[in-house]
Amino acid sequence: MATNTNLTTPLLPQNSNPNPHSISVHTNLESPDNNHLSESSAQIECDPENPFGFPELARLSIPESSTIDPFRNHTPVIEGVYEWVKIVVCLPLVLLRLVLFGVSLFVGYLAAVVAINGWKETERPMDRWRCGVMWVTRVCARGVLFSWGYHWIKRRGRPAPRGIAPIVVSNHASFVEPIFFFYEIFPTIVASDSHDSVPLVGTIIRAMQVIYVNRSSAASRKHAIDEIKRKASCDRFPRVLLFPEGTTTNGRALLSFQLGAFLPGYPIQPVTVHYPFVHFDQSWGNISLPKLMFRMLTQFHNFMEVEYLPVIRPLENQEESANGYANIYAGRTGYAIASALNIVQTSYSYGDMILLTKAAQIKQVNPSKFMVEMAKVESIFAFLDVEKNGQITFKQFLYGSLYVLKHPSFRRACEVAFSKTSAARESYISEQEQFGDLVRLAISDMSANEISDLFHLFDHDGDGKVRKGTFPYDRTLRWVNSLKKRVRYTCYHIRFLISYHVLIRTLVTGWK
């Protein structure tokens, strides 16, 4: 007698179950010699609040989309008579400011060239006389700030001694902060390796004993963390400066912190930078750099406030170099910065900025809708990243999805979703009335054809209804297995696979 271990109808028996946390699953045993079906029932204990049965799993909740856009510049266009008059009046000053900027940058560049000339042991701390030459570049950095309209900068607090806080972290709202900190504390910075090729500026950055990192390389990120730890542990190196948000924002929200500054486990001094404004938002959000620079040059004065916060140390009796404790350390530091600025901490990250940029490039009406607060879903990436190298292949994605589809707890989760259907309501979903609305709650831009194709994938009997007693686990599983065997994969298939998980999530959380 052959055994078919796939779930068949009915998933939920019609008779009432005395145990509300128990679901009856019927397995059909079909004989090849005749059409007689014998049923055997097994009781599976399933908590509707935790259908996967994991002890540490809390009740499933899908967070609502945040209305905050941390990358939106609030003055992307010039508005008002006052602004236009101010720009006209300041136009003669623009030439003078550009001359001052050019002279300051060029003199600073020449000093940096002298400082690094013949410096071959770049892994060792810079000689004292070379650091002395770099004072010229630091003074020139202040001239650059002056040329951009930062005639005076309001400060609160003082930098902690290097021996107390070898690492400094700050929020990041503009290209101005690195220039300010270079002048103020002359730190070693962590920067993208692409900055090395910037004319003039690349040379100055190298003279700061920069730690380069390639975001897309796991080996480069690990090397950067090792360098942060090495340079922070040696008093002969300058302080290490990091912007743990990883990109610039509008200064009205704090992104999720990357852990590079916190994994070494050294004391950290948080610093806040704020740009008060009325008519012109100086933040480098979704605004082009040339436009932002022009607006800066045509202001009478640009306001900037810097506050040095108390040093934050690792918790006693805890080794915060591990990822878990580094997250706690980063959270404490982020809370201090957000509280000082009176802004909110979010789960947006550098990944959301990439999504926003790509959406804007393809001319989406509202690109901010494509941000997902990436930090909240990084655990899913970690689940699929079985090799723990910071990247996943399509094969890993597909096998991970197949693993979930085959997992008995996933099937039980589907049953729980259907069990939430009201007894007074027809226990099916129709394509025209309900299916599209449910899917669009999570994927708002799905076309009618895509929704129709997805519906017919589930509607295996072709009657225009997906019933709770005939949900096609087997059909979907066979489809994924066939997809796994194909040589070429398309985004269309990936979208369908994602849509399947979206449907289950929507059913669990929204089907009444």
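In this predicted model, Glu83, Ile87, Leu91, Val94, Arg97 and Leu98 of helix α1 meet Phe294, Arg295, Met296 and Leu297 of helix α6, where a contact means heavy atoms within 4.5 Å. Helices (H or I, at least four residues) and strands (E, at least two) are DSSP runs, numbered from the N terminus. Two packed helices are described by the angle between their axes and the distance between the axes. The axes of α1 and α6 come within 8 Å and cross at roughly 95°, which makes α1 roughly perpendicular to α6. Here the axes are lines fitted to C-alpha atoms, for helices over the stretch in contact, with angles running from 0 to 180 degrees between N-to-C directions; angles under 35 degrees count as roughly parallel, over 145 as roughly antiparallel, 65 to 115 as roughly perpendicular and the rest as oblique.

Because the model is predicted, local features need pLDDT of at least 70 and side-chain atom pairs count only at pLDDT 80 or more, while totals for chains, interfaces and linings use all residues.

The chain as a whole has 15 helices and 13 strands, and buried residues make up 44% of its 512 residues; buried means under 20% relative accessible area, exposed over 50%, and partly exposed in between (1.4 Å probe, protein chains only). Among contacts between residues at least 6 apart in sequence, 70% join residues at least 24 apart.

Rings of Phe, Tyr and Trp (its six-membered ring) pair if their centres lie within 6.5 Å, and planes under 30 degrees apart count as stacked, over 60 as edge-to-face and the rest as tilted. The rings of Phe101 and Trp148 have centres 5.3 Å apart and planes at 65°, so this pair is edge-to-face. It links distant parts of the chain, since Phe101 belongs to α1 (residues 81–116) and Trp148 to the loop between α2 (128–147) and β3 (154–156), 47 residues apart. Phe101 counts as partly exposed at 25% relative accessibility, whereas Trp148 is buried, with a relative accessible area of 4%. Phe180 and Phe181 form another pair, with centres 5.4 Å apart and planes at 70°, so that pair is edge-to-face, and both residues are buried. Ring pairs also link Phe101, Trp148, Phe175 and Trp284 into a cluster.

Where do the nonpolar residues gather, and which of them have the most contacts? In soluble globular proteins, nonpolar side chains tend to be buried together. A nonpolar core is a set of buried Ala, Val, Leu, Ile, Met, Phe, Trp, Tyr and Cys residues joined through side-chain atoms within 4.5 Å. The largest such core has 43 residues, and those with the most contacts inside it are Tyr150 and Met304. Among the elements that give two or more residues to this core are α1, α2, α3 (176–185) and α6 (289–297). A second, separate core of 25 residues includes Val213, Ala326, Leu341 and Ile343. In α3, the buried residues include Val176, Glu177, Phe180 and Phe181.

Two further places bring parts of the chain together that are separated in sequence. Ala165, in the loop between β3 and β4 (167–170), is buried, with a relative accessible area of 1%. The C-alpha atoms of Ala165 and Tyr266 are separated by 7.4 Å, although these residues are 101 apart along the chain. Glu307 is found in strand β10, and Glu307 and Ser170 are 137 residues apart in sequence but 9.8 Å apart in space, C-alpha to C-alpha.

Finally, the backbone deserves a look. Most residues other than glycine have a negative phi, and most peptide bonds are trans. Leu200 has a positive phi near 65°; this residue lies in the loop between β5 and α4 and is partly exposed, with a relative accessible area of 29%. Asn342 likewise has a positive phi, near 60°, and its place is in the loop between α7 (323–341) and β11 (344–345), where Asn342 counts as exposed at 71% relative accessibility.

Terms used:
Residues are numbered from 1 along each chain as its sequence is written. Side-chain values use heavy atoms; hydrogens and water are left out.
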